[in-house]
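Open the model in your viewer and keep the sequence panel beside it. This tour goes from one selection to the next.

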Amino acid sequence: GFINVPAPETGVAPLYDVVGIGNALVDVISHADDGFIHRHDLAKGSMTLVDTDRALYLYRALGTAVEMSGGSAANTMTGVASFGGSAAYIGKVSDDELGRVFGHDMRAVGVRFQPGAPVEDTPTGRCIIVVTPDAERTMNTYLGVSSLLCPPDIDLATVAAGKVLYMEGYLFDRPHAKAAFRLAAATAHEHHRQVSLTLSDSFCVDRHRDDFRSLVTDEVDILFGNKDELMS
């Protein structure tokens, strides 16, 4: 298998090396000059979380842009597939243009995509990236429907079919997402699979330290984190 972690014998061979769960975002990338940065009051070189109105305003203002699926765990599943592994991904998008872009991109690289149910009037999440001539990138991220992932969005058959479950810490901010993580992890262990978690960001851990520690203690077999995240 692709992952160098032995899985207990269950009599049922996994269909996937890894099943990922995370924020399903579309990267919207455009080139612009510093004038665009100043006109739209962007913080050059930073990543800023924005609301729906701001995201739609910037999306329209960009004009021509390249759109491709993104998000931490989604990129990891794409990496698994690119190295010859088999992967599936669970994330929440809406039935809109960017939601269709996300699904197409994931399937095109060989990742099975299991979308969560849309939420009325909440658009697909996106990261609007402006690249200036000095090669600096300025990001404005709208999490949109991706952050509303909840237990009914977890395709239990897909989770059960993965040798390793990979969960993205960025998604951990909402109670429903925490419940979804617990459900997915319990399902994976019920089928004798491995459960992994990436801490994603030390600020995520700072906000939810007790819940992260509990999840790691109860359910996590493989933990990913850098020094700051692990120290937190």
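Two strands pair if DSSP finds at least two bridges between them. The model you are looking at is predicted.

**Stop 1: a bridge between two strands**

Select I90. Its bridge partner in β6 is Q114. Now show β5 and β6 whole. They run parallel, joined by six bridges.

**Stop 2: the helix over this pair**

What kind of unit do β5, α4 and β6 make? A right-handed β-α-β unit.

**Stop 3: the sheet**

Now select the six strands of the open sheet. Their order is β6-β5-β1-β9-β10-β11, and the pairing is parallel. Which strands stand at the edges? They are β6 (111–116) and β11 (222–224). Each has a single partner strand, so one side of each has no neighbour in the sheet. Turn the view and look along the sheet. On average, neighbouring strands are turned by 20° against each other, direction ignored.

**Stop 4: a helix on the sheet**

Select α3, residues 72–82. It packs on the sheet and touches β1 (16–21), β5 (87–92), β6 and β9. The direction of α3 makes about 165° with that of β5.

**Stop 5: β9 and β10**

Select residues 162–168 for β9 and 194–198 for β10. Five bridges pair these strands in the parallel sense. Pick V164: it stands opposite Q194 in β10.

**Stop 6: S196**

Stay in β10 and pick S196. Is S196 buried or exposed? Its relative accessible area is 1%, and buried means under 20%, so S196 is buried. Show what surrounds it. Leaving out residues up to four places away in sequence, S196 touches V164, L165, Y166, M167, V220, I222 and F224. S196 and G144 are 52 residues apart in sequence, and their C-alpha atoms are 25 Å apart in space.

**Stop 7: two helices side by side**

Select α6 (175–190) and α8 (209–219). Their axes are 11 Å apart, at an angle of about 10°. Angles under 35 degrees count as roughly parallel, so that is how α6 and α8 are described. Show the side chains at the contact. From α6 come K178, F181, R182, A185, A186 and H189. From α8 come D211, S214, L215, D218 and E219. Colour them by type: four of the contact residues are nonpolar, two polar and five charged.

Definitions and conventions. Residues numbered from 1 in each chain as written. Predicted model: local features only at pLDDT ≥ 70, side-chain atom pairs only at ≥ 80, totals over all residues. Heavy atoms only, no water. Axes fitted to C-alpha atoms, helices over the stretch in contact; angles between N-to-C directions. Helix = DSSP H or I, 4+ residues; strand = E, 2+ residues; numbered from the N terminus. Parallel < 35°, antiparallel > 145°, perpendicular 65-115°, else oblique. Contact = heavy atoms within 4.5 Å. Nonpolar A, V, L, I, M, F, W, Y, C, P; charged D, E, K, R; others polar. Right-handed = clockwise from strand over helix to strand, strands pointing away. Buried < 20%, exposed > 50% of the residue type's maximum accessible area, 1.4 Å probe, protein only.
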